[in-house]
Amino acid sequence: MQIYANPARFLKLARPLTAWLGWSGAALIALALAGGLLLAPEDYLQGDSVRIMYVHVPAAWLGMGGWTGIAIASLMQLVWRHPLAGIAARAVAVPGLLFTAICLVTGSLWGRPTWGTYWEWDGRMTSMLVLLFLYIGYIALSDADRERGGDGRVTAIFGLIGAINIPIIKYSVEWWNTLHQGQSIGVTGSSIDSSMLWPLLLSTIGFSLLFGAIVLMRMRAALALAKIEARMRRMAA
Amino acid sequence: MNHWPFILGAYAFALLGTIGVTWSSWSAMRRAEAEAEAVRRER
């Protein structure tokens, strides 16, 4: 990772990668959602509402994956002082917040026809709501730290502490009695029929690629603004 | 109960949110890189 500590070297890779990730992600999402809406069969228990899974599951994965990325980048910032780690962590925060919100809203819209309620204070839903508030806190703290001209260490520590919530979300369905169903896809296989699995996998890959493109866009914007600020400081001196 | 209003609501929220954050990130990147390039040329 230290190879990409040099922003010029990072940008040389990031520029073509942004377009590639963005367009391939968008194409896979279009294919997956068309498949999920029009081709995949309805579930024998859930009926048509199972189609919400094709946007809900990738959003949940990216909400949790986003914070895992923030924690890893924060660790790299604190331990190895990687110059791009803080920028990467901040770039993940807004898309991470968005996908956590998408997960909560789509889950709620799935819950009404399936469980008969939009919301239940069970372990999975509550811990996901906590993740949403962690993202909001992280963004507020990061903005305040930048305005004060801080080095981002406090934000990085918050990013690491917040990662405690990730295993809580994952294992909440095993630790507590919950309305939310347990894990359907594991390393060894899946309990979902292949006719419903392929749009889910395509959708998850597509949204993940687009998430990567969004993070790169936000990192490129932050690096360009840092370059302008440095130039202005040199001119003022 | 008709499930389709819930399905369409979920897809609309997900797609509008995704398009919105992609568009805002892309335009912020373009604007910042154009400004940085203009500053570089001024030297």
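The model is predicted; local features need pLDDT of at least 70, side-chain atom pairs count only at pLDDT 80 or more, and totals for chains, interfaces and linings use all residues. Residues are numbered from 1 along each chain as its sequence is written, while chains are lettered from A and ligands numbered from 1 in the order in which they are written.

Chain A holds seven helices and zero strands. Helices (H or I, at least four residues) and strands (E, at least two) are DSSP runs, numbered from the N terminus. The order of elements in chain A is α-α-α-α-α-α-α. The C-alpha trace of chain A spans about 70 × 35 × 30 Å along its principal axes. Of the 237 residues in chain A, 42% are buried. A residue is buried if 20 or more other C-beta atoms lie within 10 Å of its own, exposed if 12 or fewer, and partly exposed in between, with C-beta atoms placed from the backbone. Two residues are in contact if their C-beta atoms, placed from the backbone, lie within 7 Å. Among contacts in chain A between residues at least 6 apart in sequence, 78% join residues at least 24 apart.

Chain B has one helix and zero strands. Its C-alpha atoms fill a box of roughly 65 × 5 × 5 Å along the principal axes. Buried residues account for 28% of the 43 residues of chain B. The helix, H1(B), has 39 residues, which should span 57 Å at 1.5 Å a residue; its end C-alpha atoms are 56 Å apart, which agrees. The expected span is 1.5 Å times one less than the number of residues.

The interface joins 29 residues of chain A to 23 residues of chain B. On the side of chain A that touches chain B, helix H2 (53-80), helix H3 (85-115) and helix H7 (194-236) each give two or more residues. H7(A) gives the most, with eleven residues. By class, this side of chain A has 19 nonpolar, three polar and seven charged residues. Here Ala, Val, Leu, Ile, Met, Phe, Trp, Tyr, Cys and Pro count as nonpolar, Asp, Glu, Lys and Arg as charged, and the others, Gly among them, as polar. The buried residues of H1(B) include Phe6(B), Ala10(B), Ala14(B), Val21(B), Met29(B) and Ala36(B). The buried residues of H1(B) pack against H2, H3 and H7 of chain A.

The axes of H3(A) and H1(B) come within 9 Å and cross at roughly 175°. Axes are lines fitted to C-alpha atoms, for helices over the stretch in contact, and angles run from 0 to 180 degrees between N-to-C directions. H3(A) and H1(B) are therefore roughly antiparallel, a term for angles over 145 degrees. Residues of H3(A) at this contact include Val94(A), Leu98(A), Ile102(A), Thr106(A) and Trp110(A), and those of H1(B) include Phe6(B), Ala10(B), Phe13(B) and Ala14(B). The contact divides into 13 nonpolar, three polar and one charged residues.

The largest nonpolar core has 72 residues. A nonpolar core is a set of buried Ala, Val, Leu, Ile, Met, Phe, Trp, Tyr and Cys residues joined through C-beta atoms within 7 Å. Those with the most contacts inside this core are Ile52(A), Ala59(A), Ile70(A), Ala88(A), Leu210(A), Met219(A) and Ala10(B). Helix H1 (7-39), H2, H3, helix H4 (123-147) and H7 of chain A, together with helix H1 (4-42) of chain B, each supply at least two core residues. H7(A) provides the largest share, 17 residues. Not counting residues up to four places away in sequence, Ala59(A) touches Phe99(A), Ile102(A), Cys103(A), Thr106(A) and Ala14(B).

H4(A) has 25 residues and reaches 36 Å from its first C-alpha to its last, close to the 36 Å expected at 1.5 Å a residue. Its buried residues, among them Met128(A), Leu131(A) and Tyr138(A), pack against H2, H3, helix H5 (153-162) and helix H6 (165-175) of chain A. The axes of H4(A) and H6(A) come within 8 Å and cross at roughly 170°. That makes H4(A) roughly antiparallel to H6(A). Their contact has eight nonpolar, four polar and one charged residues. H4(A) is followed by Gly149(A), whose phi is positive, near 75°.

Arg81(A) lies in the loop between H2 and H3 of chain A. Its phi is near 50°, a positive value in a residue other than glycine. With 11 C-beta neighbours inside 10 Å, Arg81(A) counts as exposed.

Terms used. Angles under 35 degrees count as roughly parallel, over 145 as roughly antiparallel, 65 to 115 as roughly perpendicular and the rest as oblique.
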